[in-house]
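Colleague: Please pick one part of this model and go through it closely, stating each cut-off as you use it.

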Amino acid sequence: MIYCVEDEKNIRELLVYTLEATGFSAKGLEDGSGLFKALEKEEPELILLDIMLPGDDGYAVLQKLKSDPRTKNIPVILVTARESEFDKVRGLDGGADDYITKPFGMMEFVARVKAVLRRCGKSGEERELTCGELRISVGRHEVFLEEQKLELTRKEFELLQYFVENKGMVMSRNQILGYVWGYDFDGETRTVDVHVRSLRQKLGDAGDMLETVRGVGYRLRE
Ligand code: CA
């Protein structure tokens with residue numbers, strides 16, 4: 001569960017929607033008091049915390065979180081409107097794990113969330129993705145096909161995870177490149193083809209699930 005503390009309804013809903021579409025569960029909260037109320041009932045894996053909030057601002061909320069032994073280990077990503085108004089040092093010194101400056105792209109956002117979860121060892125060993133006989137343990141970076149473990153490279157793993165998270169959808173080579181290799185990656189879309197080919201080989205018979213969509217990209221059949 002990821003909490004999104006953000007007073008602007010549109011942004012809050014967009015964050016929650018994006019996280020849920022990526023396979024996380026997420027809950028939107030309007031302010032610090034809503035957050036602390038929710039924290040009494042459950043412990044989220046991660047908190048996204050807007051700085052400009054009604055009532056206590058993000059810095060004050062962060063301080064409260066970090067001074068309470070029950071909440072101090074929950075990773076926090078600060079979300080801020082404009083870089084100039086945001087004191088990075090203050091945020092990171094205050095115990096935030098990362099910060100994102102608005103406006104940000106949703107892919108960048110998801111990538112940051114995943115990076116923090118990975119770094120904090122909270123990427124959810126319990127979080128599993130499945131597709132047919134394929135089972136991906138996200139936190140452990142392990143893939144099983146009919147309960148046989150597959151040996152994948154890191155990029156093959158990320159590629160497969162991306163396909164399974166978006167199963168049934170056609171993904172263009174550029175989308176895949178941007179997501180798996182990063183936006184400033186300078187490579188060619190052929191990189192994607194090469195990795196898809198090796199992934200298919202490792203999947204054996206199940207490799208047929210990875211369809212080529214002519215002129216567009218690839219799709220993982222459900
Ligand atoms: Ca705000």
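Modeller: The buried residues of helix 2 pack against strand 1, strand 2, strand 3 and helix 3 (58-67). Contact is taken as heavy atoms within 4.5 Å, and buried means under 20% relative accessible area, exposed over 50%, partly exposed in between (1.4 Å probe, protein chains only). Helices (H or I, at least four residues) and strands (E, at least two) are DSSP runs, numbered from the N terminus.

The model is predicted: local features need pLDDT of at least 70 and side-chain atom pairs count only at pLDDT 80 or more, while totals for chains, interfaces and linings use all residues. Residues are numbered from 1 along each chain as its sequence is written, and side-chain values use heavy atoms, with hydrogens and water left out.

The buried set in helix 2 consists of Gly32, Leu35, Ala38 and Leu39. Viewed down the axis of helix 2, these residues fall within an arc of 125°, so they line one face of the helix; the arc is that of the directions from the helix axis to the C-beta atoms. An α-helix has 3.6 residues a turn, so residues three or four places apart point the same way.

The sheet is open, with five strands in the order 2-1-3-4-5 and parallel pairing. Two strands pair if DSSP finds at least two bridges between them. Strand 2 (26-29) and strand 5 (98-101) are the edges, each pairing on one side only. From one strand to the next, the twist averages 20°. Axes are lines fitted to C-alpha atoms, for helices over the stretch in contact, and angles run from 0 to 180 degrees between N-to-C directions.

Strand 1 (residues 2-5) and strand 3 (residues 46-50) run parallel and are joined by four bridges; Val5 has Leu49 of strand 3 as its bridge partner. Helix 2 (residues 32-39) packs on the sheet and touches strand 1, strand 2 and strand 3, its direction making about 160° with that of strand 1. Helix 5 (residues 106-119) also packs on the sheet, touching strand 1, strand 3, strand 4 (76-80) and strand 5, at about 175° to the direction of strand 5.

Strand 3 runs over residues 46-50, and Asp50 is a calcium ligand: the ion is coordinated by Asp7 (OD), Asp50 (OD) and Met52 (O), at 2.1 to 2.3 Å. Donors are N, O and S atoms within 2.8 Å of the metal (3.2 Å for Na, K and Ca); water is not among the atoms, so sites may look incomplete. Asp50 is buried, at 2% relative accessible area, whereas Met52 is exposed, at 54%.
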